Structure formats: structure tokens, C-alpha cells
Amino acid sequence: MNLTKSSVVLANLSLLALFVQSSEAIWCYRCNSATPGCGDKFNWRGIGYLGDPCPEDDDICVKVVERKGTMETITRDCLSSLQGFRTDIPADKYEGCRVAAKDPKLAHYVNTSISELDVKRDHFDSTKFCFCFLDHRCNGATVLGKESPGMLIASVTLGLVLLLRQLF
């Protein structure tokens with residue numbers, strides 16, 4: 001049996017892939033637009049870290065964009081972290097962006113005279129949820145599905161494998 005160097009390298013990579021366990025949870029950026037680098041023009045170097053693993057195994061990365069006139073608030077987080085206090089999360093959580101759901105019973109039994117408390121969640125003119133789960137740290141992209149560092153790392157790794165295959 002005549003084995004070439006490239007087939008030996010591919011066999012070793014295949015064996016290595018068998019022993020590498022998959023990650024327990026997806027990694028997402030967890031910040032808001034008050035953090036430098038976490039606004040509309042996302043810069044992961046500006047926030048100083050590469051994200052955090054989400055608490056749930058089947059979690060989803062979320063980017064929430066809330067607008068009031070010309071002001072915009074962006075929140076990037078894991079879905080399980082938002083589900084405890086956000087009642088306007090859309091039912092359809094597949095890849096892509098959706099308008100926030102309306103909750104007709106929200107603050108129905110609240111009698112407060114403090115207008116600054118946004119108990120009805122009607123302060124913002126528009127709220128949009130963007131979901132992604134096919135790539136780690138995918139909620140850092142300006143337009144979801146583009147510019148994610150995970151895709152860059154995967155592309156570089158694939159390029160190196162192909163280069164090694166050419167060399168051997």
C-alpha cells in the first residue's frame with residue numbers, strides 16, 4: 001500500500017477530528033451600544049473580548065435593535081439571557097431579523113404614576129430582533145450572516161489545509 005504525504009496528513013486530520021469534542025454551547029457577544037465598539041459599527045477589538053459561551057446548550061445569539069427617533073440602542077446577547085425579562089421576543093427564532101412581538105397584557109395590572117418606568121415597553125418606536133445560530137459570535141455582524149469572525153477563521157483554516165495538501 002503506497003501512501004502519499006497528503007493522504008497521511010488527511011488521515012491524521014480525520015483522526016484528530018474524531019477526538020475533538022464539539023462545544024457545549026454557542027459563543028455570542030454580550031454587550032450593548034453603551035460599550036465602546038458594540039454599537040452599529042461593531043468592533044470586537046474595541047470591546048476587548050471574543051464573546052462568552054451561552055448558558056444553554058441549544059442557545060441562539062441575538063442582536064436587538066431598538067429605535068426612538070434618531071437614537072438607536074443595540075443589545076447583543078444570548079437568547080436565554082433575554083427570555084427572563086423580555087416579553088416581546090418573536091415566536092419565530094430562526095435565522096434572520098423580525099419585528100418585536102406585541103404583548104397586549106403587558107403592564108395591564110400595573111398602576112404607577114412614574115412615567116419613566118417603561119412597564120408597557122412603548123418607549124421605542126421600533127424594536128427588531130435578529131437571531132443567528134449557525135456560527136459562533138454571529139451577533140457581531142452589522143448585517144447578520146456577513147462579517148463574522150468565525151467565518152474568517154474557518155476560511156483561513158480551510159485555506160491552510162488546502163495549502164498543506166498542495167505542498168505534500
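Reply: C78 is buried, with a relative accessible area of 0%; buried means under 20% relative accessible area, exposed over 50% and partly exposed in between, with a 1.4 Å probe and protein chains only. The model is a predicted one, in which local features need pLDDT of at least 70 and side-chain atom pairs count only at pLDDT 80 or more, while totals for chains, interfaces and linings use all residues. Residues are numbered from 1 along each chain as its sequence is written, and side-chain values use heavy atoms, with hydrogens and water left out.

The partner of C78 is C54, and a disulfide joins the two with an S to S distance of 2.0 Å; a disulfide here is a pair of cysteine sulfur atoms within 2.5 Å. The link of C54 and C78 is left-handed, with -85° about the S-S bond. It connects distant parts of the chain, 24 residues apart: C54 belongs to the loop between β3 (52–53) and β4, and C78 to strand β5. Helices (H or I, at least four residues) and strands (E, at least two) are DSSP runs, numbered from the N terminus. C54 is also buried, at a relative accessible area of 5%.

Strand β5 (residues 71–78) pairs with strand β4 (residues 61–68) in the antiparallel sense over 8 bridges; two strands pair if DSSP finds at least two bridges between them. Together β4 and β5 form a hairpin with 2 residues between them, and G69 in the turn has a positive phi of about 65°. K68 stands opposite M71 in β5. Strand β5 is also joined to β2 by 2 bridges, and these two run antiparallel. In that pairing C31 stands opposite R76 in β5. C31 has a disulfide of its own, with C38, at an S to S distance of 1.9 Å.

These strands belong to an open sheet of 5 strands in the order β2-β5-β4-β7-β6, with antiparallel pairing. Its edges are β2 (31–32) and β6 (96–99); each has a single partner strand, so one side of each is left without a neighbour in the sheet.

C78 is also among the residues touched by I60, as are D77, L79 and F131, not counting residues up to four places away in sequence; contact means heavy atoms within 4.5 Å. I60 itself is part of the largest nonpolar core, which has 9 residues in all, including V62, V64, L79 and F131. Such a core is a set of buried Ala, Val, Leu, Ile, Met, Phe, Trp, Tyr and Cys residues joined through side-chain atoms within 4.5 Å. At least two residues of this core come from each of β4, α3 (79–82) and β7 (126–132). C54 is included in a second, separate core of 7 residues, along with I26, C28 and C138.

In the whole structure, a search finds 5 disulfides. Another of them is formed by C97 and C130, whose sulfur atoms are 2.0 Å apart. C97 lies in strand β6 and C130 in strand β7, so this pair ties together parts that are 33 residues apart in sequence. C97 counts as partly exposed at 40% relative accessibility, whereas C130 is buried at 4%.

The protein has an average pLDDT of 76, and 62% of the residues score at least 70; pLDDT is the predictor's confidence in each residue, from 0 to 100.
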